[in-house]
Amino acid sequence: MNELDPIRRAFARVEPPAGFAARVLERVDREEAVVLQGRWPRRWLRHAVAAGLALAIGLSALAGWNWNRQKRGEAAAAEALIALRIASEKVNLAKQTVHERSAF
Amino acid sequence: MTGRSAIRGAVDHAAFGDLVREHQSMVFSIAQHTLQDREAAEEVAQDVFLRLYRDLDSIESPQHMVHWLRRVTANRCIDAIRRRRWRPVPIDESFPAAEREPEDSLAIRTVRRLMGQLPARQRVVLALRFQEELEIPEIARTLKIPLNTVKSHLRRGVEALRRGMERTGRTES
Amino acid sequence: MRKMIVMMFAFALFAGTLSAQKIAFDVDTRELSEKAIETVEVTLDGEILKLASKFLAADEQDAEAAAMIRGLQGIYVRSYTFAEDGAYDAGTIGRFRSRIGTGWQKIVNVKSAGQENVEIYTHLKGDAITGLVVIAAEPRELTLVNIVGPIDLAKLSSLEGQFGVPRISASTEKPAGKVK
């Protein structure tokens, strides 16, 4: 048996979950709808939108700080996991090598 | 909308749906084998097709489309691995029972599990080689990396998988 | 006033001890990352490490990792993967090693020709480990790890199995296949 056979079989193509194409098309439709609505409104409406945006930005500043902290925390946690994984892997590598040698 | 090419103009909603169905297995499989996470794989696969829809102008032929899909999927997977938390999904959740081969051997399951330990680029190189059966020069062209880098990733990836299978004592005899 | 001076002195001594456990990475790593095809660089200390600990603690799946990080002062990792053998300057390892000062003890030194060389150093206070350094040098990968703070090596070793991947640690049976 070719030792690569299990590797080849492990990479057999798999189908995505049912309805995948439909979900893609829904996203396409949503994106097209956003693009169509993106045309800039008349001048008076533009001012109203700008004022509304300024208020929204102010209100969201506090929420934004929380969101940033959330994102920073998640990123830091992910990095910590990566670091611990790498450290754990190398410690075990040393252990494994020592064991393999002592077995003979 | 302006700037649609003949290809994009000719691809209506239904036709794009057909395109998706034709290539969804390839795109999803590259993502699934690389990320070992069904949910993340679907997210990447959807993003890839959405991007295809936006970039249809740039597609020159059906062959180019396949090359484009492989390249964009591979790059999105590499980005996803680097961004996401380092927690491969347990193999049983990643490959539901309905999609496993009838005689899904421990070796196959071990290979899939070990993929989660490999660096991002090694994973995509392995997926392009063993799933898509691309030759090394084609992998290099797809990923836009040097030939020797592909060989290195392939060699190290296969070595890591083989070593992992030996260590867990789950090679098939 | 006298009490304050004593406290400041004690703090300086404590801080000095901690800084001795932190090994400077910065020189050479830029060159390494420029040559590498894949780079992992993690620097977590101070407030950001505390934030990480808090976020990990919130997730049941990461409880063990969270417990490990709690009480640490720093986690520093530099890991570089290269396209070819010998792509990195082996002198880098010597220069990094030279920064491991007094107070550190080498507890593991594994060398295999053409394979991985792994060195593990610990900084002890009494019987407790207060710092860890790992240098893992392979033909195409160089990894440097420095953890500052109380660390349990056995728990660190067991973490590998927590990440949804099989452990590769020693078993009591002779391994199948060829021995490298």
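How many residues does the contact take from chain A and from chain B? It takes 25 residues from chain A and 35 residues from chain B. The model is predicted.

**Chain A at the contact**

By class, the side of chain A that touches chain B holds 16 nonpolar and nine charged residues, with no polar ones.

**Confidence in chain B**

The average pLDDT of chain B is 80, and 77% of its residues score at least 70. Residues 1-10 of chain B fall below 50. Beyond near neighbours in sequence, this stretch has eight contacts in the model. Where pLDDT is low, the predicted coordinates should not be read in detail.

**The sheet of chain C**

Chain C has an open sheet of six strands in the order 1-2-6-5-4-3, with antiparallel pairing. Strand 1 (38-45) and strand 3 (104-110) of chain C are at the edges. Each has a single partner strand, so one side of each lacks a neighbour in the sheet. Neighbouring strands of this sheet are turned by 10 degrees against each other on average, direction ignored.

Strand 1 of chain C pairs with strand 2 (residues 74-81) of chain C over eight bridges, in the antiparallel sense. C:Thr43 has C:Tyr76, in strand 2 of chain C, as its bridge partner. Helix 3 (residues 46-57) of chain C lies across strand 1 and strand 2 of chain C. This helix runs at about 95 degrees to strand 1 of chain C.

Key: Residues are numbered from 1 along each chain as its sequence is written. Chains are lettered from A and ligands numbered from 1 in the order in which they are written. This is a predicted model: local features need pLDDT of at least 70, side-chain atom pairs count only at pLDDT 80 or more; totals for chains, interfaces and linings use all residues. pLDDT is the predictor's confidence in each residue, from 0 to 100. Two residues are in contact if their C-beta atoms, placed from the backbone, lie within 7 Å. Two strands pair if DSSP finds at least two bridges between them. Helices (H or I, at least four residues) and strands (E, at least two) are DSSP runs, numbered from the N terminus. Axes are lines fitted to C-alpha atoms, for helices over the stretch in contact, and angles run from 0 to 180 degrees between N-to-C directions. Ala, Val, Leu, Ile, Met, Phe, Trp, Tyr, Cys and Pro count as nonpolar, Asp, Glu, Lys and Arg as charged, and the others, Gly among them, as polar.
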